[in-house]
Amino acid sequence: MVRSSQLLHPAHTPAPLREAATVLLLRDGSHGLEVLMTRRSTTASFAPGAFVFPGGGVDAADAQSHALASRRSSQSDAHLTEAIAAIRESFEELGILLARHADGRWADTSDIAALNRKAPFAAQCEARGLQLAADQVFVLAHWITDRDLPRRFNVPFLVARMPEGQTPVADEFEQFEPVWVRPSDALARHEAGQFFIIFPTIRTLERLVTWQTVDEVLAACAATEEPLWTSCPRAGWLAGQEVRYMEHEPPFGELALVCPDGQLLHHLDWQNQQPVSLLKNVQRLTAPNPGVMTGPGTNSYLVGDPHTGFIAIDPGPADAEHLERLWRAAGGNIRFIVCTHSHPDHSPGAKPLQLMCDSPPPILGLASRPSARAHSQFTPERELQDGERLVLERAGVTHTLRVMHTPGHAANHLCLVLEEDGLLFSGDHVLNGSTTVIDPPDGHMGDYLNSLDMLAAACEHDGIEFILPAHGHVLGHARQAITQLKAHRLKREAKIAAAMQAMPHGTLQQWVEHAYADVPPRLWPVAARSLQAHVDHIRETLQA
């Protein structure tokens with residue numbers, strides 16, 4: 001866990017959560033799946049003027065109305081309460097009544113007309129002999145309002161089929177202008193500035209686009225009583241605009257590291273003119289070498305503070321301006337220079353950076369092996385041992401980097417663990433936004449997968465929460481990210497094995513086209529290098 005003393009921003013307590021429920025009423029339109037949306041009052045305290053799905057707060061009476069509702073055997077008490085709340089809100093806001101008579105008939109317009117939207121809901125239904133159709137309401141998603149917002153809700157997004165013969169009529173107080181809309185059309189109108197919707201609504205509509213019918217949606221939700229996704233988004237700044245991200249999106253982990261309490265303070269723009277502070281003791285400076293292989297550029301890191309001095313990780317290419325900025329960010333007080341491996345976007349800057357320092361720091365790492373390509377030659381002044389610790393300490397403050405040998409991407413690759421703060425500097429072994437290339441002979445897929453296992457174990461043992469890669473933003477949920485990365489690699493290897501089995505005499509190019517059909521053809525030449533590593537690993541496994 002990151003030390004609170006190293007956080008950039010003072011602790012902030014997010015607003016408390018209020019329990020709520022939202023329901024997506026669905027129907028099959030003439031051109032595909034449609035969802036009912038309605039515009040919130042322009043004076044509403046939350047999302048004024050936005051088009052939303054009907055819903056609202058969970059009342060105490062909702063939990064007391066279980067006996068008046070039908071339920072599935074697998075439906076928990078909590079989900080039943082949420083379904084009842086959503087049914088009640090649909091009626092109060094839009095006059096939609098998800099209820100049935102004892103003989104199974106759905107409530108009709110006469111039942112709706114007989115009920116008062118402003119009177120206690122469950123009691124009226126009971127008096128009319130109506131049973132709430134909670135068994136027809138399914139859990140789609142679970143949204144928790146972003147930590148930076150002043151009003152926050154803990155809200156399941158539920159789904160149900162719109163009862164036939166009913167017509168939505170807005171209450172003209174909380175909700176206005178009910179409209180049936182295809183998810184893709186709602187998104188297009190929002191993009192054009194004609195249909196204001198907020199972040200959770202946007203992301204939910206994006207998921208709905210993947211289904212064609214109501215039956216498909218309900219079947220997906222009925223397969224489990226758990227949300228298909230759960231998210232508490234995080235916010236930052238990009239190109240001067242407020243932006244929000246879900247957990248699976250690349251910037252989320254960085255926002256979680258820099259602003260753990262959800263403060264809207266961190267800028268995500270890629271630039272190479274100024275170092276980016278991630279913690280008080282960690283800075284990132286991105287080299288001006290963007291490209292297909294490097295993404296936004298190579299991340300150089302400084303670990304330490306002005307009192308302890310700094311460890312420079314991956315000084316990057318021999319770019320004079322980049323190295324000057326890195327040296328200035330450290331105030332010239334660099335104690336060690338560490339290269340995670342010898343590739344030309346990581347190690348060439350080590351020597352010129354050393355020469356800039358009044359007291360030249362040692363250049364550390366692992367020497368390139370005979371299998372390295374000519375442009376990846378590197379000889380450190382001292383080789384780092386697996387498990388060795390580099391320690392910066394002064395006035396009771398300590399920053400310790402532990403070395404982990406992680407061959408795979410390169411034979412001389414290593415990673416570093418900042419022990420006091422649970423951070424993993426992963427070099428090119430784990431990237432954000434792409435998978436690293438394994439290029440034989442210096443790259444080896446078996447070693448790479450074994451090193452992933454070692455890193456996953458270290459995450460568990462050392463409480464590592466964040467990964468700081470050489471390319472891309474910080475990754476959160478470190479062990480989960482590594483587990484998913486290995487699963488992705490093995491899934492790709494299974495595709496390659498299938499291609500080899502289907503075309504035993506096929507060429508490398510034919511196997512690439514078959515196994516990387518989901519990758520743009522312009523990237524196939526790069527993919528072919530990793531494919532060769534997978535082929536070698538498959539053959540080694542068969543021979544073992």
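**Rings, charges and a helix pair**

Reader: What lies over the face of Trp-229, and at what distance from the ring centre?

Author: Arg-207 does, at 4.4 Å from the ring centre. A charge counts as sitting over a ring if NZ of Lys or CZ of Arg is within 6 Å of the ring centre and within 35 degrees of the ring normal.

Reader: And what lies over Trp-106?

Author: Arg-100 lies over that face, 5.3 Å from the ring centre.

Reader: Where do these values come from?

Author: This is a predicted model, in which local features need pLDDT of at least 70 and side-chain atom pairs count only at pLDDT 80 or more, while totals for chains, interfaces and linings use all residues. Residues are numbered from 1 along each chain as its sequence is written, and side-chain values use heavy atoms, leaving out hydrogens and water.

Reader: OK, the whole thing then. How many helices and strands are there?

Author: The protein has 14 helices and 24 strands; these are DSSP runs numbered from the N terminus, helices being H or I with at least four residues and strands E with at least two. Its C-alpha trace spans about 85 × 65 × 40 Å along the principal axes.

Reader: How much of it is buried?

Author: Of the 544 residues, 55% are buried. Buried is under 20% relative accessible area, exposed is over 50%, and partly exposed is in between (1.4 Å probe, protein chains only).

Reader: Back to rings. How many aromatic pairs are there?

Author: Six. Rings of Phe, Tyr and Trp (its six-membered ring) pair if their centres lie within 6.5 Å; planes under 30 degrees apart are stacked, over 60 edge-to-face, and the rest tilted.

Reader: How is Phe-157 placed against Trp-143?

Author: Their ring centres are 6.3 Å apart with planes at 55°, so that pair is tilted. Trp-143 belongs to strand S7 (residues 138–144) and Phe-157 to S8, so here the parts tied together are 14 residues apart in sequence. Trp-143 is buried at 2% relative accessibility, and Phe-157 at 7%.

Reader: Which residues form the aromatic cluster?

Author: Phe-53, Trp-143, Phe-157 and Phe-199 form one cluster.

Reader: Phe-199 is new to me. How much of H6 is buried?

Author: Eight of the ten residues of H6 are, so H6 is largely enclosed by the rest of the structure. Phe-199 is one of those eight, and Ile-202 and Leu-205 are also among the buried residues.

Reader: How do H5 and H6 cross?

Author: The axes of H5 (residues 183–191) and H6 (residues 199–208) come within 8 Å and cross at roughly 140°. Axes are lines fitted to C-alpha atoms, for helices over the stretch in contact, with angles from 0 to 180 degrees between N-to-C directions. That makes H5 oblique to H6, since angles under 35 degrees are roughly parallel, over 145 roughly antiparallel, 65 to 115 roughly perpendicular, and the rest oblique.

Reader: Which residues of H5 and H6 meet?

Author: Pro-183, Ala-186, Leu-187 and His-190 in H5 meet Ile-202, Leu-205, Glu-206 and Leu-208 in H6, where contact means heavy atoms within 4.5 Å.
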